[in-house]
Amino acid sequence: MLLFLLAYVGGVLTIVSPCILPVLPFVFARAGRPFMTSILPMLVGMAATFAGVATLAAVGGGWAVEANEYGRMAAITLLAVFGLFLLFPSLSERLTRPLVALGARLSQSADRETSRGSAIVGSLILGVATGLLWAPCAGPVLGLILTGAALQGANVGTSVLLLAYALGAATSLMLALLIGGRVFQAMKRSIGAGEWIRRGLGIAVLVAVAAIGLGLDTGFLTQASLASTSVLEQKLIDGLGGRPGQNMAEGGAMKPSTVMPKDAAQSGTMQGGAMQGNPAMQANSPAMMSGNPAAMSGSNAMMLGKPSTSTAEQLPVEETVPSLAGAVEWLNSQPLSMEQLKGKVVLVDFWTYSCINCLRAIPYVRAWAEKYRDQGLVVIGVHAPEFAFEKRIDNVKKAIADLDIGYPVAVDNDYAIWRAFNNQYWPAHYFIDAKGQVRYHHFGEGDYDRSERVIQQLLAEAGKTDVGSDIVAVNAGGAQAASDTADVQSPETYVGYERAQNFIGAGGIVNDEAHAYIEEKPRRNEWGLTGNWTVGAEHAALNTSGGGIYYRFRARDLHLVLGPGADGKPVRFQVTIDGKPPRGDHGMDIDAEGNGTITEQRLYQLVRQNGPVEDHTFEIRFLDAGPEAYAFTFG
């Protein structure tokens, strides 16, 4: 019930988001009409259509996206005609004569009397058209719902959550209409005002149709809304946290697109469901050390810290019932079950190898596995992929070797273990006692000392008397070096259109079609493409050599998840910072002149600033065709 309330309130907040602007003319064109027969049916049609289309888009694959595009074109046509009829009543009179009664009544002017049944049907159809065109800005609340739908698949809970969100938006629009309707009626009573109001609404509708047709509703307005409701929504999520052990994912809101940044780490009793915008992974991705094992050498350094003097804390039994069933393959071990592990203290680490937050936590997990192995601790890594290439077993094996992971790893390509734990974050650590009960969890980076104290306490409860009280000190190097969160002012940014944000470029992203993009001047956290690219749901592929990607960022490190083309051939590239070679600020995957080569699908560290962290424009130019770009992450 809590999550449904959160979805509803998130919808209500859309009234202050710029992304609501394109649909306002369609809605306010009904101002001054009877509430029950005109306004309410339209808002219901809009809410129900949005919920249905959003559900299909999340779970239906490419066919649903294509069907929705046809629906949008039909809706744009219908509402354009509606706008023309408002602007030119005489045109309405001439064109509606041969049409069926429904079409005629839908296009009549605001002053015309209609029967109750016809008015309801006409308003409902107009609401359906509006619902097809509405593209709300995906802040934390909507991101929480949509990304969960994509992972869990079609279910009643997902549809109800989306409907609750849409009804929240409809409620705020209804209140605005009821207030605006009074003003409308007062102006309408003035001599000649009604005709001019109608024509003004007609112009507004046509402008809105043009804006939507040009993609401004999902381009410029989405960018403009970044600072509008996201903070409010995030506070709602944080404030409406669940019970101990209860994730905010109940009702279908979980997906491997939420990486917990270090400063948003959560633990213990689930203080709130911190999300990326978006969703996701913001959160969130690493510089894999593949092809550069030397970069990992510093991350093994471990020494003992000072003994702790703190007393044991209360660790209640959480509601999560752990299960390790459903992995497609086990690495470094035979398949394990919770029944087999009874009597052992178990740490389950959910991770994926292109997640920078996960990579920075792994040195600690590895150190705990080594230090407490003889005392009865079993560490299990659950590799839950975010991108399709992370499902390839050989890629996971290589990552495990590069990261020097010796503990068991369950390959959770079907998210069976993820669902069993009701998990929604990377990285996520679950601490299980010798009785098989989850006693503690921690999401994100940081708070490593407390996590290790929990391990020590659970081992002591299991009867181990030789457990040390010292805390490991990990000195990680390369991409695994901890970042200063105060310096990281750029969020994880996806390149595929399904979760892309902050893209700049005339006309926005063209989905699933080859398109030539021209460079624009970016502001902070804006990015774009140059050259001929085909942007898919998950990644963008360069069709011809010479194209590039640029990003205005503020962070010490910049990483980009890249892969060669379908043929697997290496792709050469060159990086510049503010138009110049990076020199001393180059990442470990390029040289001082900015030269590098894509040899495999992984995260590449391209920038590591050595001086003060400031805003810079990053650009990568590809000297060969075929590279695939997935996501930016920062540290």
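A nonpolar core is a set of buried Ala, Val, Leu, Ile, Met, Phe, Trp, Tyr and Cys residues joined through side-chain atoms within 4.5 Å. The model examined here is predicted.

**Nonpolar cores**

The largest nonpolar core has 68 residues, and those that touch the most other members are Leu324, Phe350, Trp351, Trp368 and Ile380. Helix H13 gives the most to this core, contributing ten residues. Apart from it lies another core, of 31 residues, which includes Val495, Tyr517, Ile620 and Ala629. In soluble globular proteins, nonpolar side chains tend to be buried together.

Tryptophan 368 has contacts beyond its neighbours within four places in sequence: Leu347, Arg373, Leu377, Tyr448, Ser451, Glu452, Ile455 and Val472.

Helix H13 spans residues 356–372 and contains leucine 359.

| Residue | Relative accessible area | Class |
|---|---|---|
| Cysteine 355 | 0% | buried |
| Cysteine 358 | 1% | buried |
| Leucine 359 | 0% | buried |
| Phenylalanine 431 | 1% | buried |
| Tyrosine 440 | 1% | buried |

Leucine 359 counts as buried because its relative accessible area of 0% falls under the 20% limit. Cysteine 358, at 1%, is buried for the corresponding reason.

**Cysteines**

A disulfide is a covalent bond between the sulfur atoms of two cysteines. The structure holds zero disulfides.

**Aromatic pairs and charges over rings**

How many aromatic pairs does the structure hold? The count is 25. One of them joins phenylalanine 431 and tyrosine 440, with 5.4 Å from centre to centre and 55° between the planes, and is classed as tilted. Both partners are buried, phenylalanine 431 at 1% relative accessible area and tyrosine 440 at 1%.

Ring pairs also link a cluster made up of Phe350, Tyr415, Trp418, Phe421, Tyr425, Trp426, Tyr430 and Phe443. Phe350 is also among the core residues that touch the most other members.

Two arginines lie over ring faces. Arginine 499 is placed over the face of tyrosine 494, at 4.0 Å from the ring centre. Arginine 602 lies over the face of tyrosine 604, at 3.8 Å from the ring centre.

How values were computed: Residues are numbered from 1 along each chain as its sequence is written. This is a predicted model: local features need pLDDT of at least 70, side-chain atom pairs count only at pLDDT 80 or more; totals for chains, interfaces and linings use all residues. Side-chain values use heavy atoms; hydrogens and water are left out. A disulfide is a pair of cysteine sulfur atoms within 2.5 Å. Buried means under 20% relative accessible area, exposed over 50%, partly exposed in between (1.4 Å probe, protein chains only). Helices (H or I, at least four residues) and strands (E, at least two) are DSSP runs, numbered from the N terminus. Contact means heavy atoms within 4.5 Å. Rings of Phe, Tyr and Trp (its six-membered ring) pair if their centres lie within 6.5 Å; planes under 30 degrees apart count as stacked, over 60 as edge-to-face and the rest as tilted. A charge sits over a ring if NZ of Lys or CZ of Arg is within 6 Å of the ring centre and within 35 degrees of the ring normal.
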